[in-house]
Amino acid sequence: MEAGSAPLEKLEGIKMSKSLRTKVFALCAGILLLPVYGAVTTPSVKLQAVGNKMELVSQLPGGDWQKAELKMELFDGKSGKFLSDRAQITDMPDKVIVQISGKDYTYVTEFSARNELIYGKAVFTNNSKEEKWIEPGLRAKADFSKTPEIFWDGFGKTRKIGKTPLERKSIKGVTLEHIGSKELPFPAAGAFGKKSGIHLGHVIFDPVSYSAAFYDPGTNELRFTQRYAVHPGETLNFTWVAGNVSSLYENAGAVVQQHYDAFPEKWAVDQENPFIWTNHAHYSNWKMCPDPELTRRLKMGCDWAYTPYKRAGDILCREELWDYKMRNPPVIKKWLRFSGQRVPMYEISRDDFLEMRRKEYRKYAQRYGLMFYANCAGTWCELDLAKKYYPDAISDQDPIANHLLKKWSTWHDWEIRVFSMGTSFGETFKSDMKTLTEELDLPGFAFDCANGGVSYYGPAVKKKLPGRAWDEKGVFIDQSIAVNDLVDFIHTIRPGMVAFCNGQIKGDLLMFERDFVRVDELAKMMPLYKWYIGGRPSVVHGGGYRFQELIANWRNLSQDEFKEVMTKLSVYEIFNQFKYGMALTFPIHFGVPDTVYIFPELFELRRAGWRANMPVKLEKSLYAPYKAAYGRNENIFLFFGNSGTEKSTGQVSVDNDQFTSYSGDRLVFVKKMRRGNTLANRIRGKFTNFRAILPSRVPVLYETACAINNAPEKMDLLARSSKDIDREIYTVEIKKSPEFTGSLKIRAIRGFDAVLKLNGKEIRPGSAQKLKAGDIITAEYKSRLFALKQKDITNFPFVDGKKNVSCKVWFDPMDKAAAKVAERFNEYFKFLKDKKLARQSKVAFVSDPALRGAAGVITLDSRAAKENISLTPAGGMLVAANGEKALDNAVDKLFDRMDVRFPYIFPFKSVPGMQQDVLKFFKMENKHLPLRKFFD
Amino acid sequence: MKKITTLLFALCGGAVLAAECTLTGANIAPGSDEYTFCNGIFSIKCIPDASGVISGIYSIPEKRQLMDPVQYRVIVDDLLPRRSGMAPNGTRELARRVKVENFTNYRVKSAVADSKGAMLELYSRAFYSRDIATTKKITLPAGASKITVALEMRAHSTVENFSFWINSIANMDEGLDTALMPLQKNVAKRCNSGLYVSDKDGICVDNVRNLAVNCAPLKPWMARVSSRGRSGVMAVVVRGKDAAELINGGFIFGWKHSIRDLHTNEIIMPEKNMKKGEVWNFEYEMLYFAGLKSLRSIAGDFGIDRQGDTLLIASATTSVPGTVKLKWATGSAGVKIPGLIPGEVFKIDLKKVMPDTSAELTGIMPGNIAFDLPELISPRK
């Protein structure tokens, strides 16, 4: 149905209040008497059809624009002309459908609401017998009260709007590293005033090889396009996004956040995956023999298992491909190392190599998360191999990228860029990944330099593949689409497979191969890189503190000055980890116990999901150059870092609307401490205010105690938390408030079951409640694992007064899983003995039924119905779970709590970024900085 | 015009010889001072904090900036160590494997200016991160277009593989400066670096933008001139016994920026191992010959060039009158030269001295300093 001709009576079919109906009629009268039909409404923007036009209407109060005409365009790349076929706009209650039909194509877009965004699902069908080169676009002409100030083209930096039109053509940003791939833009573009902005784009990780963004200050028109090559008869699906955003706190970041909130599934990662939510081992478990307790204490969940192959492109190491002429002379020795053993690739026989590889992986891969370094994300192949077997995959026609590297992944070969989707290489590569997963029992693959911005024009583009675009050289596909295709493939190999990726692509764990201390590089890469990562876990793969590099004149320092410099550096690393939600690796942790101390909080916040927008105002007196927010809705965490030398105090004002997508929830916060804390909150309109005290150079965290919906304009509340390992209790006392009917929500805490109570009576989260001053809201969390207190573990007789191991581990001899997991206690005590915290390295294993549950005995049971760690009546400890993995996990958690009883600080030692001569000079070998315990 | 320039040099130099040289300091960034030396002929700048970099060389008689002043910036952060940086410019010492972004933060030990010249003495407990206490003396003598840099490097502990390096960037003119590099034939490698190999000795004249020319030095110096024919030669020359060390084991090169008109003069000394307590005294000079357009030889403070049948002699300091002995295979001759002041060029018409000007010519300058005149070589592209 064409909107302009729709009968007004149709409105009667839509349930509307009288006042709304009046408003609609008034609005219709106001815009040339054109009727407004169905609309897509989100909390911040509405898309409506007015006559035969589409209009975006701001729903944000006091923004810089109120209305914007939204046009769809379609450019024909072959004729070089815009197709002028008329659009038909069809309205439905929650959808607007736009159909453009020509004589040999149809282009239909269905717009609907996705959280705060307008989301368009587009379908283009080429009914002709020729391939079509199209460039569909969106144009939004907003009625900005004055010309917006900032244009964002999707890359990391915004530009000021002047008189000249601004644009970004193609998705190729700055070159990243030596491999020549490019930075990719976030798939959006926007124009922003001081208060609000408008933005257009498409959904993240869509297979788009070309997009462009424009802003014309002359017409105030924002334009966003995508290019596709469409086969005859092909039906192509792609997406659009449009939105309105408050720019009070962030501009581009606020757009990114709307994408996160609208498409959380695009960034979602398995919360139960054991490999990705902690640190990565930075080769220490790959090149060295893994140390189980070092790995556990430093929380190294996986490792980047680098180049476990002889020839790039042949990860399987086929017999017929094993012997070939390496191009680089053997003088270049970049030894491959498996757990401390050097592997001389020039000399080793295939059989020996494969046996060694199989043995190492089978032994360590699952336990230490050895991610098989998959040939640079399938984008490089040894030159002769590619020429002979995979010529169709060679990608060497993009004039602005290098294609041949004479010393790359293995160093002993020349490697050429290849394309892994729809090519012979891709087919083999996928098959090899599958075979290796089974053969080596792999937990996942490591994809290095997994970026895009390099166009493949080879023969595979003729196939029906996603992301086919066109330019003056012809049809091409961007490399990132092939890499994302491989990431998707990894997930199909078997459940739980991890894609550990160094790049702006899909993946389960993302690597940032830069150092925080290299501020110029950080400024270049951020925030764009982080926007891509979003709420996914991410790790930094850097060079440690780079002490000698940062302080060229370190020999001029005294030991005290060294300690001061290192303390500040460590605070810098801690603050940046919280700022970006990224975990650093072991070179940062030796000698600096604070960086290890923050693990639980850092990991918890990172799991909640880093936010690109932190809608928080700080009083001027509050000095917090480092800050970040995590989570959404009622699950919010705030981080503040005062890098100055003095304590800083002032008011924090949290804009609840932006944190909760205008849900009406009002958040109540409490300072996040390990044993609990108290915080007075004041709700004032949409803001929650509280007074923050930020000590010098200490991370300060806040967490939500509860969310109150339909709260009055003014409320005063006092939030308290009380925590132990078995139970956490959050209470919120309403100090001042008029009586009102509202509802309450509480946070989900991982590993705990929650009960919400009002004045001691259990209530259902979200249910309507009468609330008034004096009411007490309680969120009680009970651990699903621990049924004992920390003090019970701390006081358990693991060792006697002389540090002799005095506990015993009991398991049923028939319980093989328990017997296996019991070995971990030997690893634990061996570490303690090595560190002189215990006298013996072994614990006695017993199976006498009489000793089960006895005093001083730790009973392991892998056949229990559910996980449980508790004290037995006789004074023993029970560790029960269902199955080996669950029991292993429970023991892991127990060990974390035992570490409180047996703390160990890893002293300074020679690691990347902190050389031996520095430590020697300052006499800091085997010493460490003080542990500050700022969350206790 | 040349006469006017010479006159200006004479006026400036004469005035200064009779007056005090000056040395003044000013704060330019948090914790960083810049010192300005002046002897009436040269005004130069030095930032102790930035490895004692010498920059801003200004020829007062010519009103000509030979080396732009360094724009030094210091960033003070709450948490990160103080950071400083500058665009590549000036003359300073480096060490291989030390990032060029780093500096030795010298402090000033003494600053003296009198009628003999201006001298700044700097000290650092370490040379970059190497365990070498370094005293650096920068002297601008009165009435001279030369700067002397003397370093005393004392190893606190055993120092291995210390590769000392002089990095000098000036701008003699618009466009890419031409480097003049005395080149030793048939040497392919020095200090693990591949070298440009020539089958004959000579002065390599390099201004080819995308060509890397690393040379085994025939002489202990390298120089730069305008590539557009403007007069003036700026040379960096290693003095003392280290001159032979450089020739026998070091190398020289000019690094060029691929787009910008940046062409460096780099002198890399052979790697050195120092025992604990060992002292290494190293001296180099920057000599400026305002009247020359090219350079074949440096003899003491004299710069010597040959253009066809004319031998050109200039001095970076005020010289005394003497005799130049010229020698060729079949004979020799003595030519009297007057005392020269900086900026002045004395020309010898060889046709009047030698029967055959195509014969290879060597000579001895007053003060008994020998020189030869290697031929100019263009590097192969």
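Me: What radius of gyration does chain A have, and why does it agree with a compact globule?
Reply: The model is a predicted one. A compact globule with 936 residues would have a radius of gyration near 30 Å, so the value for chain A agrees with that expectation. The radius of gyration of chain A is 30 Å.

Me: What does the C-alpha trace of chain A span along its principal axes?
Reply: The extent of chain A is described along its principal axes, using the C-alpha trace. The spans are about 90 × 80 × 65 Å.

Me: What percentage of the residues in chain A is buried?
Reply: A residue counts as buried when its relative accessible area is under 20%. This criterion is applied to the 936 residues of chain A. The buried share is 61%.

Me: Among contacts in chain A between residues at least 6 apart in sequence, what percentage joins residues at least 24 apart?
Reply: A contact requires heavy atoms within 4.5 Å. Among contacts between residues at least 6 apart in sequence, those that join residues at least 24 apart make up 70%.

Me: How many helices and strands are there in chain A?
Reply: Both kinds of element occur in chain A. The counts are 21 helices and 57 strands.

Me: How many residues lie between β6(A) and β7(A) in their hairpin?
Reply: Strand β6 (residues 87–92) and strand β7 (residues 95–101) of chain A are antiparallel and share 6 bridges. Within this pair, T90(A) stands opposite I97(A) of β7(A). The number of residues between the two strands of the hairpin is 2.

Me: Which residue in β8(A) is the bridge partner of S101(A)?
Reply: β7(A) also runs antiparallel to strand β8 (residues 105–114) of chain A, and 6 bridges join them. These two strands form a hairpin with 3 residues between them. The partner of S101(A) in β8(A) is T106(A).

Me: Which are the edge strands of the open sheet of 9 strands in chain A?
Reply: The order of this antiparallel sheet in chain A is β38-β41-β44-β43-β46-β47-β52-β49-β50. An edge strand here pairs on one side only, and the edge strands are β38 (616–618) and β50 (761–763) of chain A. From one strand to the next, the twist averages 30 degrees. The names asked for are therefore β38 and β50 of chain A.

Me: Which residue of β44(A) is the bridge partner of V652(A)?
Reply: Strand β41 (residues 648–655) and strand β44 (residues 687–694) of chain A pair in the antiparallel sense, with 8 bridges. In β44(A), the partner of V652(A) is F690(A).

Me: Which residue just after α19(A) takes a positive phi?
Reply: Helix α19 (residues 816–834) of chain A reaches 28 Å from its first C-alpha to its last, close to the expected 27 Å. Its buried residues include V821(A), F825(A) and L832(A). The buried residues of α19(A) pack against several elements of chain A, among them α6 (350–368) and α20 (884–901). The residue just after the helix, with a positive phi of about 60 degrees, is K836(A).

Me: Which residue follows α9(A), and what is its phi?
Reply: Helix α9 (residues 424–440) of chain A has 17 residues and reaches 24 Å, close to the 24 Å expected. Among its buried residues are F425(A), M433(A) and L436(A). The buried residues of α9(A) pack against elements of chain A including α6 and α10 (479–493). The helix is followed by D441(A), with a positive phi near 55 degrees.

Notes: Residues numbered from 1 in each chain as written. Chains lettered and ligands numbered in written order. Predicted model: local features only at pLDDT ≥ 70, side-chain atom pairs only at ≥ 80, totals over all residues. Heavy atoms only, no water. Helix = DSSP H or I, 4+ residues; strand = E, 2+ residues; numbered from the N terminus. Axes fitted to C-alpha atoms, helices over the stretch in contact; angles between N-to-C directions. Expected span 1.5 Å × (residues − 1). Buried < 20%, exposed > 50% of the residue type's maximum accessible area, 1.4 Å probe, protein only. Rg over C-alpha atoms; globule rule 2.2 N^0.38 Å.
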